[in-house]
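Subject: Structure handover and findings

Hello,

The structure is below, ready for you to open. My notes follow it, grouped by topic.

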Amino acid sequence: MKKEIELRKQMNIDELNDLDEDTRLEIEGFRTGTYLRLEIHDVPYEMVEHFDPHHPILVGGIGLGEENVGFMQARLKRHRWHKKVLKTRDPIIVSVGWRRYQTIPVYAIEDSNGRHRMLKYTPEHMHCLAMFFGPLAPPNTGVVAIQNLSNSQASFRITATAVVLEYNHAAKIMKKLKLVGEPCKIFKKTALIKNMFTSDLEIARFEGAAIRTVSGIRGQVKKAAKEEIGNQPKKKGGQPKEGIARCTFEDKIKMSDIVFLRAWTQVEVPEFYNPLTTALQSRDQTWQGMKTTAELRREKNLPIPVNKESLYKPIERKPRKFNPVVIPKSLQAQLPFPSKPKDMPSRAKPLLENRRAVVMEPHQRKVRTMVQHLQLIKHHKMNKRKMKEDKKKKELEVQKAKEEAISKKRRREERRERYRQQEKSKKKTRRNVD
């Protein structure tokens, strides 16, 4: 088969060599290595004015699908030699196929549930998805990204490499949304939440969404609160205040609770691309496109804005004082003894009976003195009896220790005598056997 193809090819060449040049061009077309003259119309005059023969112009063709512009999704990875990470919405210059242009990418990563979650920065040693707007390129096209075209860069120029996955892709990039509110009126298990939404239309969008308090009580957004239930603007003569939502909870919440709603919102990819026009200016000039926010702040000497609400603050909680549990006396009388309150704190201020002075009569003083003498005699007798019992107890312990020692010695002697008799009987038996 190959021999037939080679033979036919050689026959065609022999036939074409016999023809003149014009006829051969009409039949065969332009051969490889032939010099051509291209006429290009509607070329800007800057390209002719700043043309440099030392920098040749490459001429190529693009497919029909590459003439349109749209969104492209690429698998991107920061170059290992580039020192800084890439930030979402920072402009980069990409080289895709025959085109070079500046665009604004949005980086994302695909979760296990298929959601494309937005990333603020590119991961350290991983691939991520990059969505950007520009002239379309077919899948598996290589992409090289750089920050700027300046030749005075000290660091590595190439910031990232990528490959096009899909174009005109309708993937939605989502990011977390956290809405925070606080109760303005509390019923039993229903509360009116303010400062979470700005209008009743926004509340209608989030109807049925799950909410939660900091203390862990779960709830659900029902609908916008009525005027009569909320701020009652008609009675006060003002305009109705929107953005107050009626929510239900598992349990009754407090006015000090903070209510927050976790949701996801779609991130719009900017429809921006700026083609590079390096051929329309002299080679001495550097093409300058859109600058990053950090470059603008550095040029204008502007500080980085700081959100005070995002700073960490020391948590200061005041100790809460709870009222003591008061049990009625009628209920205390019915309680069993173990359940009755016994560790009641002593009164800081003594009762009136203990504070007021008592003036006794002469007879009462004599009786009191006699009672005190009798109590003193009783205490003296009790102490004397206790000392006598302690002495007797010590004597008994000493006597018991002596008896224990004698008993121990007697048992030891009996044991030794028994062992001696057993040894004698064994020797006698052994002698008789021999």
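R420 and E417 both sit in helix α9, 3 residues apart, about one turn of the helix. A salt bridge means a side-chain nitrogen of Lys or Arg within 4 Å of a carboxyl oxygen of Asp or Glu. R420 is partly exposed at 41% relative accessibility. E417 is partly exposed too, at 37%. On the cut-offs: buried is under 20% relative accessible area, exposed is over 50%, and partly exposed lies in between (1.4 Å probe, protein chains only).

Two notes on the basis of all this. The model is predicted: local features need pLDDT of at least 70, side-chain atom pairs count only at pLDDT 80 or more, and totals for chains, interfaces and linings use all residues. Residues are numbered from 1 along each chain as its sequence is written, and side-chain values use heavy atoms, with hydrogens and water left out.

Other salt bridges

The count comes to 6 salt bridges. Another pair belongs to helix α9 (residues 362–433): E413 and R416 are 3 residues apart there, so about one helical turn separates them. Their side chains meet in a salt bridge at 3.7 Å, N to O. E413 has a relative accessible area of 39%, which makes it partly exposed. R416 is partly exposed as well, at 48%.

E124 pairs with R78, and the closest N and O atoms are 3.1 Å apart. Are its two ends buried or exposed? R78 is buried, with a relative accessible area of 8%. E124 is partly exposed at 45%.

K87 is found between β1 (69–78) and β2 (92–96). Its relative accessible area is 32%, so it counts as partly exposed. Which residues does K87 touch, leaving out those up to four places away in sequence? They are Y107, K120 and Y121. Contact here means heavy atoms within 4.5 Å. The C-alpha atoms of K87 and V106 are separated by 8.4 Å, and the two residues are 19 apart along the chain.

Strand pairing

Two strands pair if DSSP finds at least two bridges between them. Strand β9 (residues 173–186) runs antiparallel to strand β10 (residues 190–194), and 4 bridges join them. The link from β9 to β10 is a hairpin through 3 residues. Across this pairing, P183 stands opposite I193 in β10.

β10 also pairs with strand β13 (residues 245–249), again in the antiparallel sense and over 4 bridges. Here L192 has R246 in β13 as its bridge partner.

Cysteines

How many disulfides does a search of the whole structure find? The search finds 0. The test is a pair of cysteine sulfur atoms within 2.5 Å. C184 is in no disulfide, and its nearest cysteine sulfur, that of C247, is 9.8 Å away. C184 is partly exposed at 31% relative accessibility. C128 is buried at 3%.

Positive phi

Two loop residues are worth a look. D42 has phi near 55°, a positive value in a residue other than glycine. D42 is placed in the loop between α2 (21–28) and α3 (45–49). At 81% relative accessibility, D42 is exposed.

N301 is the other. Its phi is near 55°, positive in a residue other than glycine. N301 lies in the loop between α6 (293–300) and α7 (329–334). N301 counts as exposed, at 69% relative accessibility.

Over to you.

Best wishes
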